[in-house]
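Dear colleague,

Please find below the structure that I am handing over to you, together with its sequence. My notes on what was found in it follow.

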Amino acid sequence: MAIEYLKRSKPETEKAEDDARVRETVDATLADIEARGDAAVRELAVKFDGYERESYRLAPEEIEAIMAKVSPRDMADIRFAQEQVVNFAKAQRASMLDIEVETLPGVILGHKNIPVQSVGCYVPGGKFPMVASAHMSVATAKVAGVPRIVACTPPFNGEPNPAVIAAMHLGGADEIYVLGGIQAVGAMAIGTESMEPVHLLVGPGNAFVAEAKRQLFGRVGIDLFAGPTETMVIADETVDAEMCATDLLGQAEHGYNSPACLITTSRRLAEETMAEVERILKILPTADTASVSWRDYGDVILCDTYEEMLQVANDMAYEHVQVMTDRDDWFLEHMTCYGALFLGPRTNVANGDKVIGTNHTLPTKKAGRYTGGLWVGKYLKTHSYQRITTDEAAASIGAYGSRLCLLEGFVGHAEQCNLRVRRYGGQNVPYGEPAE
């Protein structure tokens, strides 16, 4: 068995220093927002977004005017994509059942799935207006039944992006703010004079947004820690180099540090794919970005067997994993660490990102080892409850509880149980002693 790198991404030697600078900036900015509220948010919006107005929350008439700028064709496409996301989220929600069972005679246990009461959805702008991110966060929260949905997005080219605002509004946002970066997530989580804080933050963003969510976690919930987008292609000779190269570069255009990886059992396919990448980069309008990502963060890994490909893929735990082999279902059965799978040559990551219905907010940087992506269940809290309905059950369970509490040395705990044993079981249990 052998695993050979035909192309390897460079080590991130400066990453620790960059991370430290980001942490310091975010820490100071969040402290400023907490201390000065709206004034700090406004200064940050002017400085980083280049956008100033009296209130950053859009009024209903402003939303309508902005949405009127969206063409009928674009609006129809937005509605179609959002419908797919909503339909899948509804199916997922239907799978999450409240339960109630009688585990012993007179002992009732259950749980309820309760929506978080408020959520802040961040929809990034950056180089591209992320229309689809509004579906993934806002519309999914609406399906979950979240009663207050706040949405923030930075201005794009100096003004609110009409398509993003339309997607937020159609998805069910109750409050829409034209705010980006740390000031957006900080205001949503901490709260200001004009914005009530939320209970949960969701949505992707740049390094500063991700670090802000990390520092705010605990004060509020978050969906996941998301870094630069990642894409992996697992392929054998059943597909060609053009398809592999196209799927790799389709995500590499996101940013200068977006990893793209090909894992294959075919040396010929690996070499042809690398050549095809160079050909496509000469005609790709976003090549200035994609070429840097491919140069610095691209990997081509040659394996002898499918088992080796599986081993490498699970270890890397990439966000998007495109599988194009003669045994796609085998990978579906055995893959354990990833963000989302895209099975077969007819499937692709772009469809998953924009329209097919699955959520595109996914774990990166090996977080797929311990979490999945954003979905309707992230907005729900599963709360248990219990009820004892008979004297016999109260006395029986109480006796066990009494003895087990005292085994651990908790006399006060034991007395909660003993009191029920006395009242409902008729036993005269001495104070602080175990029940029979």
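The structure holds 18 salt bridges. A salt bridge here is a side-chain nitrogen of Lys or Arg within 4 Å of a carboxyl oxygen of Asp or Glu. Before the details, please note that this is a predicted model, in which local features need pLDDT of at least 70 and side-chain atom pairs count only at pLDDT 80 or more, while totals for chains, interfaces and linings use all residues. Residues are numbered from 1 along each chain as its sequence is written, and side-chain values use heavy atoms, with hydrogens and water left out.

Salt bridges

Side chains of opposite charge can pair when their charged atoms come close. Glu-62 is partly exposed because its relative accessibility is 27%; buried means under 20% relative accessible area, exposed over 50%, and partly exposed in between, with a 1.4 Å probe and protein chains only.

Asp-296 pairs with Arg-295, and their closest N and O atoms are 2.8 Å apart. Salt bridges with shared partners join Lys-10, Arg-295 and Asp-296 into one network. Asp-296 has a relative accessibility of 10% and therefore counts as buried, whereas Arg-295, at 55%, counts as exposed.

A further salt bridge links Arg-279 to Glu-276, with the closest N and O atoms 2.5 Å apart. Both residues belong to helix α10 (residues 267-281), where they are three residues apart, about one turn of the helix. Helices (H or I, at least four residues) and strands (E, at least two) are DSSP runs, numbered from the N terminus. Is Glu-276 buried or exposed? Glu-276 has a relative accessible area of 14%, so this residue is buried. Arg-279, at 40% relative accessibility, is partly exposed.

The packing of α9 and α10

Two packed helices are described by the angle between their axes and the distance between the axes. Helix α9 (residues 241-252) packs with α10 at an angle of about 55 degrees, and the axes are 8 Å apart. That makes α9 oblique to α10. Axes are lines fitted to C-alpha atoms, for helices over the stretch in contact, and angles run from 0 to 180 degrees between N-to-C directions. Angles under 35 degrees count as roughly parallel, over 145 as roughly antiparallel, 65 to 115 as roughly perpendicular and the rest as oblique.

Which residues of α9 and α10 meet? Among them are Ala-241, Cys-244 and Leu-248 in α9, and Glu-276, Arg-279 and Leu-281 in α10. Contact means heavy atoms within 4.5 Å.

Two residues with positive phi

Most residues other than glycine have a negative phi, and most peptide bonds are trans. Ala-317 is not a glycine, yet has a positive phi of about 50 degrees. Ala-317 is placed in the loop between α12 (306-316) and β12 (320-324), and is buried because its relative accessible area is 0%.

Lys-365, also not a glycine, has a positive phi of about 50 degrees. Lys-365 lies in the loop between α14 (349-354) and β14 (380-388) and, at 49% relative accessibility, is partly exposed.

Gly-221

Gly-221 lies in strand β8 (residues 221-222) and is partly exposed, with a relative accessible area of 21%. Leaving aside neighbours within four places in sequence, Gly-221 is in contact with His-199, Leu-200 and Leu-201.

With kind regards
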